Amino acid sequence: PMGWQIEYLEHAQTVVIKTSGSQDIAMARQMVVEAGDLAAKFSGKRFLKDDRDSVLKLTTVEIYGFPRLLLEGGIPQDSRIAVIKNSVPSQAADFEFFKTRMYNEGMPDVRILPGSREEGLDWLLGPKPAKTGPLPPP
């Protein structure tokens, strides 16, 4: 079964989304709106999405549309977003494509991390990089 839990971590001023099961575009839309609503309540601009226990069921076109989906769902453009990816090797490219799309649409503060929620929070609470210009080559 697919699902998610959303909470606001007061001490880290971060909206945390924990997903499980299959993630499709319908679920993603609902999730984004819920996360946007919660962030708005606290003027939050930090998001941690924990996808370790979930599998992406998203097409390339759907991932391409994510920056617009997030903005329309109320996620601020200057948000900081950490995504803890799953360990499915064939999905690593999907996570990286999401990051590249976000960067290209003016939301550069996105990091894809293997590992733990703590690593994600460490990055979210760390110094903001002063990065402008095109994405460096991989």
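**A walk from Arg111 to the cores**

Start by selecting Arg111: its relative accessible area is 32%, so it counts as partly exposed. Keep in mind as you click around that this is a predicted model. Arg111 sits in strand β5, which covers residues 110-113. Now show what surrounds it: beyond the neighbours within four places in sequence, Arg111 is in contact with Ile81, Ala82, Val83 and Trp123.

Next, head for the largest nonpolar core, a set of 27 residues in which Val15, Phe47, Phe66 and Phe98 have the most contacts. Colour the elements that give two or more residues to this core: β2 (14-23), α1 (25-42), β3 (46-56), α3 (66-72), β4 (80-84), α4 (92-104) and β5. The top contributor is α1, with eight residues.

Zoom in on Phe47. Setting aside neighbours within four places in sequence, its contacts include Val15, Ile17, Ala35, Ala39, Ile81, Ala82 and Leu124. Another core lies apart from the largest one; it has 10 residues, among them Leu9, Leu48, Ala82 and Leu124.

Last stop, the loops. Pick Gln13, between β1 (3-9) and β2. Its phi is near 45°, a positive value in a residue that isn't glycine, and at 46% relative accessibility Gln13 is partly exposed. Then jump to Ser43, in the loop between α1 and β3. Here phi is near 50°, again positive in a non-glycine residue. Ser43 has a relative accessible area of 63%, so it counts as exposed.

Technical notes:
Residues numbered from 1 in each chain as written. Predicted model: local features only at pLDDT ≥ 70, side-chain atom pairs only at ≥ 80, totals over all residues. Heavy atoms only, no water. Helix = DSSP H or I, 4+ residues; strand = E, 2+ residues; numbered from the N terminus. Buried < 20%, exposed > 50% of the residue type's maximum accessible area, 1.4 Å probe, protein only. Contact = heavy atoms within 4.5 Å. Core = buried A, V, L, I, M, F, W, Y, C linked by side-chain atoms within 4.5 Å.
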